[in-house]
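Please read the following report alongside the sequence and the model, beginning with the overall picture and ending with one residue.

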Amino acid sequence: APAPAHAAARSRARARRDPAVSAVGVAGELLITLGVLLALFLVWQLWWTTVTARQDADAVLAEVRAALPPAAATTAELRTDDPPIPAPVGHGEVVGVLTVPRWDGLTRNAMPVVEGTTPDLLDRAMAGRYAGTQQVGEVGNVALAGHRRTWGDSFRHVDKLLPGDPVVIETASTWYVYEVTSHEIVEPSESSVLAPVPRQPGVAPTERLLTLTTCHSRTLGEYGNDQRWITYAAFAGWLDRADGTPEAVLATGGV
């Protein structure tokens, strides 16, 4: 009979097509799963790491603030004589607190500064002092690193800094005020930005300088990591905590 023959032919055709259909289905499911995993990774990388890192940094900042002696909540003229130089601390220990008034309202404008730039420190949304650079307030270059995106977004708005903007480092006894002078974008291998006189290795320093380093990208998009954004600042003066608080810090409620 013709009907059973046609049915058998259709069955054989379906059998031949089934492996191909099955393979396409499996590939589709794998792509969907991969897309979901990628989306979850991006959420973790771009959002959740920042949440957890900021919690860590805020806890450290609260401990530091609680341990600091009270600062006079009045303004005073910055001193321009030689400032006291804090004693060196061990890797991972707190150097002081970094306050960037320009970032007030944009992101966290205050964070702990710790000794070292290893991932276990920077990934906790803290600024790290490069070992081998000068101490805060010392003649030469004190250089700090921080993440721009993910893990706390510590230096996320570094591009908003303008010449003349104050950048303040607070220790147990002293406020050190630097003012932004310029910035540049360099390759990751350009370690000369950390020299006592940035970009001039071997030259003896005569000024007190501050350098902030973070990630930047021109070719890999906003979240790229292929270049470095470097901000330079020069020392403007200092205050003993007992004598007053820098006006820019008071304006942000940083005390």
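## Overall fold

Of the contacts in the chain with a separation of 6 or more, 65% are between residues 24 or more positions apart, a contact being heavy atoms within 4.5 Å. This is a predicted model, in which local features need pLDDT of at least 70 and side-chain atom pairs count only at pLDDT 80 or more, while totals for chains, interfaces and linings use all residues. Residues are numbered from 1 along each chain as its sequence is written, and side-chain values use heavy atoms, with hydrogens and water left out.

The chain has three helices and eight strands, in the order α-β-β-α-β-β-β-β-β-β-α; these are DSSP runs numbered from the N terminus, helices being H or I of at least four residues and strands E of at least two.

## Confidence

The average pLDDT, the predictor's confidence in each residue from 0 to 100, is 82 for the chain, and 73% of the residues score at least 70. Helix α1 (residues 2-67) has the lowest mean, 63, whereas strand β4 (residues 140-145) has the highest, 98. Where pLDDT is low, the predicted coordinates should not be read in detail.

## A residue in strand β4

N141 is found in strand β4 and is buried, with a relative accessible area of 0%, where buried means under 20% (1.4 Å probe, protein chains only). The side chain of N141 makes a polar contact with the side chain of T211 at 2.9 Å, and a polar atom of the N141 side chain lies 3.1 Å from the backbone oxygen of A195.

Methods. Buried < 20%, exposed > 50% of the residue type's maximum accessible area, 1.4 Å probe, protein only. Polar contact = N/O pair within 3.5 Å; in protein donor to acceptor, adjacent residues only side chain to side chain.
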